[in-house]
Structure formats: structure tokens, C-alpha cells
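Subject: Structure handover

Hello,

Here is the structure you asked for, with the sequence. My notes on what turned up in it follow below.

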Amino acid sequence: MKWVKFSSLEWMKDGSGFFYTRFPEPAAGQEFQSTNHDAKIYFHKLGTAQDADQRVFKVTDHPTRNPAVQVSDDGRYLVFWLYDGSQKTGIYYRTLGADGAPCNNRLDMFTEMRSAALLQKVSRGADALPAARVLRMAT
């Protein structure tokens, strides 16, 4: 696999392929000069060439935030962790379809958790939905 670093492989539960983080191919002669920007998550199906890999996640708001990927224990979700240096800066998830392909459902889980808690507090009072319960609901 070319242009992969700081990445683990996250295997599909059926063993048909894996997800990984890859950086853009640098310009000729710049292979060891380029910065670690614009990493993306790809899916590699076993037995195919790397140039056929499907991009499944891309950070759009900050070029130095690098994603890492994890397949949930039940194989239903991809979880994307964003890092800026060594600091986690975000979490996203996507459901995996029946064929293993990621669907287009991508939500910022923390934003959704915050929205749910605020809506409950506005309609039912300050103690309606404690933070610990929101976290349990989301995980």
C-alpha cells in the first residue's frame, strides 16, 4: 500500500477487505519532503489494485486533521476519529450497508448529542436529559 503512514488496518467482519488512512501522492521528487496534510480513509477490497480503492471519508474543514478509522464490534458502523497532532478533535460515524459499503449517513455525533440534550432541556426543564444519559444513548 502506497502513501500510508500513521494508520492501522480495520478489517471488514467478513474479511473481504479493510479500511485504512492514506495521504495524497506527492509530486515526483517530493516523496520525503511533503507535509502530513489531507489524509483520507479508503476501503481496499482484497484482490484489487490500490488505485481502485474507494474513498469513504475526507476531512473538509482543516487540512492537518488526520482521520483514523475503526469498524464497530458488530460490523454495522465505521467510526472516524480526527486527530490534530496528538489531540483528538472530533468523531464521526457512518453505517455500513448490507454489502459492506459505507452509506452516505455521516453525522457529527457530538453535535447531535448536544442538540438532543438542548431540545429536551428547553421543552422539559434543565434536568430533563443529563449528559451521562445522552452519552449512553449515543454509544
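**Core**

The largest nonpolar core has 14 residues, and the members that touch the most others are Phe19, Ile41, Val56, Phe57, Leu78 and Phe80. Two or more core residues come from each of these elements: β3 (40-45), β4 (54-58), β5 (65-71) and β6 (77-84). The biggest contributor is β6, which supplies 3 residues. Please keep in mind that this is a predicted model. As general background, nonpolar side chains in soluble globular proteins tend to be buried together.

**Aromatic rings**

Searching the whole structure gives 5 aromatic pairs. One of them is Phe57 with Phe80: the ring centres are 4.2 Å apart and the planes are at 10°, so the pair counts as stacked, the limit for that label being under 30 degrees.

**Charges over rings**

A second case involves Lys5, which lies over the face of Phe23 at 5.4 Å from the centre of the ring.

**Surface**

Leu9, Trp11 and Leu46 make a nonpolar surface patch of about 280 Å². Leu46 is in the loop between β3 and β4. Is Leu46 buried, partly exposed or exposed? Its relative accessible area is 42%, so Leu46 is partly exposed, as that class lies between 20% and 50%.

**Loop between β2 and β3**

Glu31 is located in the loop that runs between β2 (17-22) and β3. With a relative accessibility of 36%, Glu31 is partly exposed as well. How far apart are Glu31 and Trp3 in space, C-alpha to C-alpha? The distance is 9.1 Å, while in sequence Glu31 and Trp3 are 28 residues apart.

Regards

Technical notes
Residues numbered from 1 in each chain as written. Predicted model: local features only at pLDDT ≥ 70, side-chain atom pairs only at ≥ 80, totals over all residues. Heavy atoms only, no water. Core = buried A, V, L, I, M, F, W, Y, C linked by side-chain atoms within 4.5 Å. Buried < 20%, exposed > 50% of the residue type's maximum accessible area, 1.4 Å probe, protein only. Helix = DSSP H or I, 4+ residues; strand = E, 2+ residues; numbered from the N terminus. Patch = residues over 30% accessible without salt bridge, like charges linked within 9 Å, V, L, I, M, F, W, Y side chains within 5 Å. Areas by Shrake-Rupley, 256 points an atom, 1.4 Å probe, with all protein chains shown as cover. Salt bridge = Lys/Arg side-chain N within 4 Å of Asp/Glu carboxyl O. Phe/Tyr/Trp six-rings, centres within 6.5 Å; stacked < 30°, edge-to-face > 60°. Lys NZ or Arg CZ within 6 Å of the ring centre and 35° of its normal.
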